[in-house]
Amino acid sequence: MARVVAGSECWPYTGGASEFEVEAGTVREIIAALDARFPGLGAFVDKRMAFAIDGEIHQDAWFSPVGPDSEVFLIPKIGGG
Amino acid sequence: MSETLEKPAPKAALSIVGSRPVRPDGADKVTGRAAYGADFNMPGQLVGRVLRSPHAHARIVSIDASKARALPGVKAVITAADFPDLASEELEGGEAAANLRDLSLNVMARGKALYHGHAVAAVAAVSTEIAEAALERIKVTYEVLPHVIDVEAAMSPDAPVLHDHLFTEGLEARPDRPSNIAKKHRFARGDLAEGFAAADVVVEGRYTTKATHQGYIEPHACVAAWGEDGRCDVWSSSQGHFMVRTFCARLLGLDISDVRVTPAEIGGGFGGKTTVYLEPLALALSRASGRPVKMVMSREEVFRATGPTSGGIVRVRLGAKSDGTIVAADVELTYQAGAFPGSPVGAGAMTALACYDIPNFSIVGWDVVTNTPKVAAYRAPGAPISAFGVESAVDELALKLGMDPIALREKNAVKDGTKASYGPTFQNIGYLDTLAAIRESEHWKTPLGPNQGRGVAVGFWFNVGGESTAAVHIGEDGSAAVVTGNPDIGGSRASMAMMAAETLGLPIDKVRPMIADTSSIGYSMLTGGSRVTFATGMAVVQAAEKVTGELCARAAKLWDVPRDQVAWEGGKAVCLDAAKDRAPLSLEALAAQSARTGGPISGQATINAQGAGPGFGVHLCDVEVDPETGQVSVVRYTAAQDVGKAIHPSYVEGQVQGGVAQGVGWALNEEYIFDGEGRMENAGFLDYRMPVASDLPMLDAILVETAPNPRHPFGAKGVGEVPIVPPLAAVANAVRGAIGVRMPDLPISPPKVLAALDAKGG
């Protein structure tokens, strides 16, 4: 089970909960699992958040793989200048 | 002086990557042949001009353009009524999601003007004189409203509210009334109270920065032509012509396929050209007039109506053990967003403590709208502001502890395996090596002179990847064209050509890099976020590998051997079956036979690059302060940076030097100054003082290549944004060293220094 950590951006959907165990092999499956648990959170993270999978940031990448022991941080999407 | 530090480990033999060939755009730029946005013209084109609000905050009661329209030579007048009234919607297409309604309202005010200089109408006429005369004939009736510029004043419950629909996001409960506070960001770890209770030493400070402009030399410029069939062309200078296409199509209700955007050479952007201002207006004027319309901003318009970055307030409290271990950090950031939500305070919060491994911290960021131009991205958006506060506080901590400032940072440095303050676990970072590079530098070991001080500061930026397309086409003589969709702001054409040449095994002068229009190459995200050499570079290498694969397949046919018996080595197809005794075939030889072996040889790759890999910078600055005038001069500056692998080291050094120069200006001179009516008083380069070459010493760059990015075929990391993060604090810390007084408010201008010296003397 991947460990997913969500910051304060997600709290309105999770009621303040930050850490979840999620059965998922890809980013898309994480999104679906989060949405099933917290309706609306899937669309929110898909639009607003990047996925830091074991330290590597993935952005707008549904099929990036997630391992069974992966640590996935949801962080605001990053731009730049 | 510049140098490169590498691990002595063996690396793949590279003949072109890492060398310093002549830049492919150099001759055009030094001879004046390069065509920038304002250089393009079309037969029959009109001149477009914008009428801008004279008030910082006003309700637009009515606009009467009848007298302007009646002026001979005037072909079109437009207002917000000529654009769809768009609903709030997150729009992707730029670097980060934009709000479509806000984008539309920023391009042309509807109902209210929200800052001095906000566009309220535009005209197209046969000459500049007639266009400007027409502007004077447009009668706008305003109801002037109270305005607010200062970010703390804007947060007050009594402040004039810019948007009745704006309710603060990120609070535990939705507020019961609108305010100017758009959003609260929060990052935290551990137990802050426990951390401070365990601290032996605590420092605390409030630091402020002013709004500064990106200061690109080339003002915004475009030509737009709306065809009779409804298909449109735009020629403009931007950081992303696909971004221009998307934004224009959505703002005007067009299909993407009806808009073609051709990129001009760009005279600087630094984040400020990641959105649109003129292009939608020129298109609407062209639609209304039936003729092409050219629009070029004046420098004054650039200052008054395009995005500066935020002014900000940073409150920092740090707690440390007596051995220098930082055990607690409390950071609060308050950033101006300008007229619409979306300051870079989120990134400021995420980067504020990214260089430090601190067990207990709280970072809160406030995004606040003000009656100033909507901020735009500016190199590592948000990070220089928070770094100024944090790095100044770390300097204070070093002084209080009596510690060497580099040793203090080394003691608390993040490394591979450290959980970053913004969440993920760091991998493949070279931060400690970058600190060591400065500690071992000759600069660090050189004594200071009279009235001089030395400052150290560090900085971090994430870097990004994203979507890119690249194509490689082989000519019949064996030369290659490398085509991408990213405007070249910082030398990307050189690095694209070099990576293609390295992969193909061609000399660099046989590879010509080109940037294609939106109909001639696949989608590419804009040039920003330090992404192009990383992401588009990966696409280029993949496209070149498709070409070498096809070349091997052609050789296999010619040799009548299986494909897997041919390899591409040193720019030639080599037969691996020794029994066949085939002489290697060069790219030139294979290209000459391409028609007979299957047709033209090309490769294209499209990617959405992930895993960009963050970068770190460590800066060392010496200043000299004139005690009679308060003038601060930077007399020596060395910047070390974790770059992964420098594809073209001269360009990487240039990125470092450019970031430092802009950071020095931010620290010492630059600021938006407003009068009591909310009008910018210094909207020109005479009064808005950016550093010029004579203001700066040679800026020395040390490229640290000990932590290449494993995601990139040559190990590249983004390099363009990190170097603007540390200079604000590096300069301020040096001034502290020189005069013995902390200067917490930027810019550190001579009057402020004199006042500080007088107060100290008194």
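1. Helices (H or I, at least four residues) and strands (E, at least two) are DSSP runs numbered from the N terminus. The model is predicted: local features need pLDDT of at least 70 and side-chain atom pairs count only at pLDDT 80 or more, while totals for chains, interfaces and linings use all residues. Residues are numbered from 1 along each chain as its sequence is written, and chains are lettered from A and ligands numbered from 1 in the order in which they are written.

2. Chain B has 34 residues in contact with 23 residues of chain A, contact being C-beta atoms, placed from the backbone, within 7 Å. On the side of chain B that touches chain A, strand S10 (181-189) and helix H10 (345-352) of chain B each supply at least two residues, and H10(B) gives the most, with 3 residues. This side of chain B divides into 16 nonpolar, 13 polar and 5 charged residues. Here Ala, Val, Leu, Ile, Met, Phe, Trp, Tyr, Cys and Pro count as nonpolar, Asp, Glu, Lys and Arg as charged, and the others, Gly among them, as polar.

3. An automatic or database domain assignment gives chain B domain 1 (45-145 + 218-267 + 273-305), domain 2 (312-463 + 613-761) and domain 3 (466-608). The centres of domain 2 and domain 3 of chain B, taken over C-alpha atoms, are separated by 40 Å. Their contact takes 17 residues from domain 2 of chain B and 15 residues from domain 3 of chain B.

4. In chain A, 5 strands form an open sheet of mixed pairing, in the order S2-S1-S5-S3-S4; strands pair if DSSP finds at least two bridges between them. Strand S2 (19-22) and strand S4 (56-58) of chain A are the edge strands. Strand S1 (residues 2-6) of chain A pairs with S2(A) in the antiparallel sense over 4 bridges, and Val5(A) has Glu19(A) as its bridge partner in S2(A).

Definitions and conventions. Two residues are in contact if their C-beta atoms, placed from the backbone, lie within 7 Å.
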